[in-house]
Amino acid sequence: MPQKSAGPGFESWGRYPKLDASVVPLNWTSDFPLRPPPATRMLPVGAGRSYGDVCLLGHGTLLRTRGPGLSGGMDRLLDFDPATGILCCEAGATLGEILDFAVPRGFFLPVSPGTKYVTVGGAIANDIHGKNHHVAGTFGRHVPRFELLRSDGTQLICSPAQNANWYAATIGGMGLTGLIAWAEVKLRPIVSRRIRYTGIKFSGVEEFIALSEAHAKSEYTVSWIDCLATGHNFARGIFMAGEHDTVAAPLKRSKPARLSLPFNFPEFVLNRWSVGVFNALYYNKQHTKTKNAIVDYEPFFYPLDKLQHWNRMYGRDGFLQFQCVLPWEAGQPGLLEILKTISSSRLASFLAVLKVFGDAPSPGMMSFPKPGITLALDFPIRREIAFDLLERLAAITLEHKGRMYPAKDATMTAGQFQAFYPQWKKFAAYIDPAFDSAFWQRVTV
Amino acid sequence: MPARRFPTTVLALGATSAICEATLRVLAERGARFYLVARNQEKLNAVAADLRTRGASGVVTHAMDLDDTAAHPAMLATAAQSLGTIDLALLAYGVLGNQAEAEASYAAAEEVLHTNFLSAVSLITWLANYFESMGQGTLAVISSVAGDRGRKSNYVYGASKGALNIFLDGVRNRIDRAGVQVLTIKPGFVATPMTAHLAQGPLFAQPSQVARGIVKAIEKRRDIVYLPAFWAIIMMILRLIPRRIFKKLSV
Ligand SMILES: Cc1cc2nc3c(=O)[nH]c(=O)nc-3n(C[C@H](O)[C@H](O)[C@H](O)COP(=O)(O)OP(=O)(O)OC[C@H]3O[C@@H](n4cnc5c(N)ncnc54)[C@H](O)[C@@H]3O)c2cc1C
Ligand SMILES: NC(=O)c1ccc[n+]([C@@H]2O[C@H](COP(=O)([O-])OP(=O)(O)OC[C@H]3O[C@@H](n4cnc5c(N)ncnc54)[C@H](OP(=O)(O)O)[C@@H]3O)[C@@H](O)[C@H]2O)c1
């Protein structure tokens with residue numbers, strides 16, 4: 001019988017909102033369904049790397065697939081076939097643990113988000129995307145099969161051929177359709193840890209789009225953009241492209257991260273001026289227009305993972321993320337409006353990312369990505385200002401036929417969500433009757 | 001000290017314990033072969049699949065309740081036969097028990113003492129004779145820092161582990177000269193299902209960290225190891241507190 005944790009509550013990465021729930025660690029897939037069933041609604045959670053409330057449930061029971069201290073738990077690797085690259089693992093295994101196993105064997109993740117500390121269950125439930133979306137699509141496209149456990153004890157093996165509707169509902173299903181017990185992930189071969197990297201400075205959205213088109217064949221592309229700069233520096237940024245190096249080199253396992261931000265920054269540390277200085281330094285760190293380098297995959301894919309708990313930088317109150325995708329038809333004017341709204345808000349944000357999504361269809365009914373341009377950035381919570389800004393950004397997104405990403409959201413309204421995802425009613429039929437989330441309560445009132 | 005070959009055949013008693021599983025993963029990556037004993041077949045299957053995937057060259061599972069001492073000799077003989085020879089036997093199962101219940105009833109105290117001490121005595125007796133006759137091998141037993149001094153908050157569990165420590169000291173003195181390593185492992189707080197109900201403070205170690213320490217202690221042929229190592233200092237201080245003060249503390 002798993003026991004209730006009396007430890008600190010479960011927070012999402014943005015540390016907002018703060019909702020109390022009891023946490024039940026699942027150490028074995030056979031721990032679910034809980035015996036006896038809890039008196040409250042439930043929600044599976046992984047590493048809590050979602051930003052808003054998609055992994056929260058006030059007064060509910062969180063089924064955590066990672067052990068206390070976020071190691072252990074449902075993290076077993078159940079099978080690996082080097083001939084096909086298919087790894088089968090329990091849903092609590094993190095992408096970092098998969099890399100530790102796969103890289104020395106000459107394999108790599110099919111899709112990587114900006115942190116390796118997410119679980120496979122979380123990666124499926126938000127159908128996450130990476131720097132290779134324009135060529136590889138979402139994570140769910142590389143998950144041939146998984147097992148879904150329902151609270152009534154039903155066990156469903158799901159694939160595009162078997163229980164196909166459950167497969168589609170669960171990929172991007174935000175944990176609401178049941179507990180993913182294990183999943184298969186199709187890895188890709190590599191011969192080196194190294195990435196051949198090119199960084200190109202750009203100025204303006206048009207140049208960004210031109211660079212994305214010119215590098216459409218690069219496996220990984222992403223851009224950092226300065227959202228504070230105005231005037232002739234407006235929408236300046238660095239376009240980054242990368243490929244796995246094809247020259248064989250030793251495939252060692254990564255060393256564990258040691259640096260950690262031990263305490264919360266006071267609010268005043270991150271402000272318009274300090275972030276402006278950071279952005280200017282970052283932009284000017286690269287002196288030439290184009291820079292080529294060979295870098296390890298860790299800093300290329302997971303630059304922020306070097307500093308554990310970097311989210312404490314935003315102070316105790318936490319922060320808000322905003323990520324939208326705008327379809328090509330309306331993309332450029334919509335993006336300009338969003339960027340102008342942000343820069344004139346004077347709200348500090350230095351982690352802003354711009355990327356082109358490709359047209360490989362997502363397998364999930366509720367998946368976020370669609371062809372177009374996506375922008376992601378975060379804002380410290382400063383009383384009502386950040387909330388007002390996000391409301392405006394959501395309105396602009398809607399006006400330009402885009403949509404927002406539930407994994408990074410704490411503010412969209414029910415009306416907005418239902419307009420972004422008109423298929424939500426069809427999806428609702430697949431929700432486990434004992435499951436719920438704070439996000440779902442908010443967007444379906 | 002003779003150079004040691006890394007253990008390639010491993011008998012794990014209580015293989016579904018989080019600390020044990022983490023230790024076995026380290027050994028699996030180096031290609032070891034396993035005989036896993038624990039009481040739940042479903043969990044054993046998951047552990048076995050994981051070890052195979054990570055590189056184990058063979059895994060056999062055996063489901064039994066280790067409280068059943070009468071069944072120990074047959075199980076151990078089967079394990080020895082299946083592995084060929086046993087390089088390493090790791091005793092990892094245990095129960096924390098409930099101190100309040102154990103204070104109120106002997107039956108509850110006896111359960112803890114039976115699982116943590118008496119059933120271990122049964123296994124260690126057989127294994128000590130086995131290793132002595134082989135003239136090699138490692139007998140590694142997970143005890144606890146709680147066995148170093150009786151404390152009001154968990155003395156029944158503490159007594160079971162303290163008795164285990166004394167028993168192992170004696171066994172070591174008997175078979176060390178036959179070339180057998182007897183390793184007493186004393187972890188501090190480790191974040192595992194056993195302690196999931198406790199608030200996780202900064203003193204908590206991760207099972208993977210303790211696992212690396214266990215493997216290192218085996219390689220270095222240590223007798224006793226505190227994991228993480230700072231617990232040796234904490235326990236030394238705790239043992240040095242005069243009894244007249246200690247008995248007034250709320251630890
Ligand atoms: C620094 C950083 C960078 C990021 N970069 C990207 C990026 O580039 N692209 C991107 O798409 N996302 C990105 N993210 C977001 C992150 O990838 C997703 O939020 C991911 O879902 C988090 O996984 P998790 O294991 O932490 O799950 P949690 O946040 O704990 O949960 C996420 C969702 O998954 C569900 N879930 C978890 N486990 C299970 C299970 N076993 N069965 C069923 N449902 C389950 C939960 O109910 C919840 O709805 C980033 C996050 C951070 C912190
Ligand atoms: N965690 C700590 O802080 C800590 C500190 C010091 C020492 N220790 C010791 O470390 C060892 C491992 O514990 P852990 O922390 O890894 O906890 P754990 O994951 O809860 O492991 C305990 C294991 O013991 C098994 N077990 C209990 N009674 C059994 C029986 N009669 N027969 C067979 N198996 C039985 C359990 O099996 P089931 O899965 O079937 O229940 C479980 O696998 C224990 O000896 C413990 O006393 C732990």
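Ligand 1 lies between domain 1 (77-190) and domain 2 (194-409) of chain A, because both domains give residues to the shell around ligand 1. The domain bounds come from an automatic or database domain assignment. The structure is a predicted model, in which local features need pLDDT of at least 70, side-chain atom pairs count only at pLDDT 80 or more, and totals for chains, interfaces and linings use all residues. Residues are numbered from 1 along each chain as its sequence is written, chains are lettered from A and ligands numbered from 1 in the order in which they are written, and side-chain values use heavy atoms, with hydrogens and water left out.

The two domains of chain A also meet each other. Their C-alpha centres lie 24 Å apart. In total, 36 residues of domain 1 are in contact with 37 residues of domain 2 (contact means heavy atoms within 4.5 Å).

The shell around ligand 1 holds 34 residues (a residue is near a molecule if one of its heavy atoms lies within 4 Å of it). The closest are A:Pro44, A:Arg49, A:Ser50, A:Thr119 and A:Tyr405. Strand E2 (42-45), helix H2 (120-125) and strand E9 (179-186) of chain A each supply at least two residues of this shell. Helices (H or I, at least four residues) and strands (E, at least two) are DSSP runs, numbered from the N terminus. By class, the shell has 19 nonpolar, 13 polar and 2 charged residues. Here Ala, Val, Leu, Ile, Met, Phe, Trp, Tyr, Cys and Pro count as nonpolar, Asp, Glu, Lys and Arg as charged, and the others, Gly among them, as polar.

Backbone atoms of chain A approach oxygen atoms of ligand 1. A backbone N or O atom of A:Pro44 is 2.5 Å from a ligand oxygen. For A:Gly122 the distance is 2.8 Å. For a polar backbone atom of A:Met174 it is 2.9 Å. On its own, ligand 1 has 960 Å² of accessible area, and the protein covers 96% of that. Accessible areas come from the Shrake-Rupley method with a 1.4 Å probe; for residues, only the protein chains shown count as cover.

A side-chain N or O atom of B:Lys43 is 2.9 Å from an oxygen atom of ligand 2. Polar backbone atoms also take part: that of B:Ala92 is 3.3 Å from a ligand oxygen, and that of B:Tyr93 is 3.2 Å from one. Taken alone, ligand 2 exposes 890 Å², and the protein buries 92% of that.

Other residues were examined one by one. A:Lys289 sits in the loop between helix H6 (272-285) and strand E14 (290-296) of chain A. A:Lys289 counts as partly exposed, because its relative accessibility is 45%. Buried means under 20% relative accessible area, exposed over 50%, and partly exposed in between (1.4 Å probe, protein chains only). A:Lys289 and A:Lys201 are 88 residues apart in sequence, yet their C-alpha atoms are 5.2 Å apart in space. The side chain of A:Lys289 makes a polar contact with the side chain of A:Glu207 at 2.5 Å. A polar contact is a pair of N or O atoms within 3.5 Å; within protein, one must be able to donate a hydrogen and the other to accept it, and residues adjacent in sequence count only if both atoms are side-chain atoms.

In chain B, B:Asn154 lies in the loop between strand E5 (138-142) and H6. At 14% relative accessibility, B:Asn154 counts as buried. Leaving aside neighbours within four places in sequence, B:Asn154 is in contact with B:Gln99 and B:Ala146.

Most residues other than glycine have a negative phi, and most peptide bonds are trans. A cis peptide bond joins A:Tyr16 and A:Pro17, with omega about -5°. The bond from A:Phe32 to A:Pro33 is also cis, with omega near 0°. A:His59 has a positive phi of about 60°. A:His59 is exposed, with a relative accessible area of 72%.
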